[in-house]
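Student: Could you walk me through reading a structure like this one, feature by feature? I would like the general idea each time, then the case at hand.

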Amino acid sequence: MSRTDFITLAELQRRVRLSLEEALPLPLWISAEIAEIKVNYSGHCYMELVEKGETDGVPKAQARAVIWRSRYAALETMFRLETGARLEAGTRILARATVSYHEIYGFSLNITDIDPSYTLGDMELERRRTIARLKEEGVWDMNRELPLPIPLQRLAIVSSAAAAGYRDFCNELQASGYAFRTELFEAVMQGAAAEDSIVAALERVASAADRFDAVVVVRGGGSASDLNCFNAYRLAAHVAQFPLPVLTGIGHDKDVSVADMVARMPLKTPTAVAAWLVDCMEQAEAAVERAAQRLGDTAAAAIRRHELQLERIAAELQRTASECIAARRSRLEALHDMLPMLADHIFRRERLRLDAAGELTESRAPARILKLGFSVVRVGGRAVTSAAQLPPGERIGIELYDGRAEATVEESK
């Protein structure tokens, strides 16, 4: 090609513009995600649209888009009324746009219409994916299976301090008169930052789980889009696997979020959560009162039973004692009657014993023995019991029954 065979950059850009205008003369419906959005002072809305890979989230295509001031106010109002959300980064949209190409500003899309039903359908699809994933991972029922402490008094609250729903919740608890102890873990409850903020608050509660009986997630009412963060997988997975029972009151009218589905106790509004907690306290108080009444009745019955038992024992003891006394009295009276006879018998028996002893003593008296012909030989005044004690020539004295005699020993054998 000759160096003279060239075109200018402006000509190249013009040909590209004409080619695009000829190839794509009519508006197209294009699906994409809003990556950036800005409304400038003149009222025009400028966007950066992106299409991401389904598995890795890496952008596959990107383009600038604009909604001119003449269309933006009407489109934004219609989208917000239909979906309950504003056009913001992260929102998937189906937009009707014409393709334009400018020699200086390049390729862009001129958006003339947006289908809000597509955005709502995309939110529902994401919600169903979250439910399926939680069930597949086996965490769907984990929080719902946690036991509820009795009573529920120590509460960690995840909410915005400025939210009317949080104030309504606190006012309801205070009006009950019960001693609830609450601690606020503040979080952003709406918008693009809501999911990360609520998850972070839940993580702070989990780090101090031993101080609480349950965690309460509350916010006021809102549109489906406002509450869409409660359908997000990361937030729902935290609720499903949370170590404490989770109570939700996130202000929805009819749609139930995934966070509600996996929570231990889902309720419609913050006030409904407070009313349920008050009802739990009333039931616990009534149970304590019933237990106290049963305890009092049981104690009274036991006391009465033991009183009757003591009365029976006392009566039995008195009867037994009376019988014993009567028996002893009868025995004493019998012994009293028998005493003279027994004494006479004892006296006669002892008299016979004494007589026998006297006779035995008398029979063994020395005089009686000597009278029988026996004698006592004495030497030097001492009685002799052996012949060896009488040598020949020894002078002995002989004591007889009726006198004494002396003699000389001539021989002893």
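Student: In which loop is N231 found?

Tutor: Helices (H or I, at least four residues) and strands (E, at least two) are DSSP runs, numbered from the N terminus. N231 is found in the loop between β8 and α6. A word on the source: this is a predicted model, where local features need pLDDT of at least 70 and side-chain atom pairs count only at pLDDT 80 or more, while totals for chains, interfaces and linings use all residues. Residues are numbered from 1 along each chain as its sequence is written, and side-chain values use heavy atoms, with hydrogens and water left out.

Student: Is N231 buried or exposed?

Tutor: Buried means under 20% relative accessible area, exposed over 50%, and partly exposed in between (1.4 Å probe, protein chains only). N231 has a relative accessible area of 10%, so this residue is buried.

Student: Which residues does N231 touch, not counting residues up to four places away in sequence?

Tutor: Contact means heavy atoms within 4.5 Å. By that rule, N231 touches R127, T130, S257 and V258.

Student: Let's step back to the whole chain. How many helices and strands does the chain have?

Tutor: There are 9 helices and 14 strands in the chain. The radius of gyration, taken over C-alpha atoms, can be set against a globule rule of 2.2 Å times the number of residues to the power 0.38. Here the radius is 61 Å, well over the 22 Å that the rule gives for 413 residues, so the chain is more spread out than a compact globule. The C-alpha trace spans about 205 × 65 × 35 Å along its principal axes, and buried residues make up 31% of the 413 residues.

Student: Which residues touch the most other members of the largest nonpolar core?

Tutor: In soluble globular proteins, nonpolar side chains tend to be buried together. A nonpolar core is a set of buried Ala, Val, Leu, Ile, Met, Phe, Trp, Tyr and Cys residues joined through side-chain atoms within 4.5 Å. The largest one has 36 residues, and V158, I198, L202, V205 and F230 touch the most other members. Helix α5 (194-206) is one of the elements that supply at least two residues each, and α5 gives the most, with 6 residues. A second, separate core of 21 residues includes L173, L267, V273 and V278.

Student: What do the buried residues of α6 pack against?

Tutor: They pack against α3, α5, β9 and α7. The buried residues of α6 are L235, A236, A237, V239 and A240.

Student: Where is T248 found, and what is its relative accessibility?

Tutor: T248 is found in strand β9 (residues 246-249), and at 2% relative accessibility T248 counts as buried. Leaving aside neighbours within four places in sequence, T248 is in contact with residues including V217, A259, L267 and V273.

Student: And L120: buried, partly exposed or exposed?

Tutor: L120, found in helix α3, is partly exposed, with a relative accessible area of 30%. Leaving aside neighbours within four places in sequence, L120 is in contact with E82 and T83.
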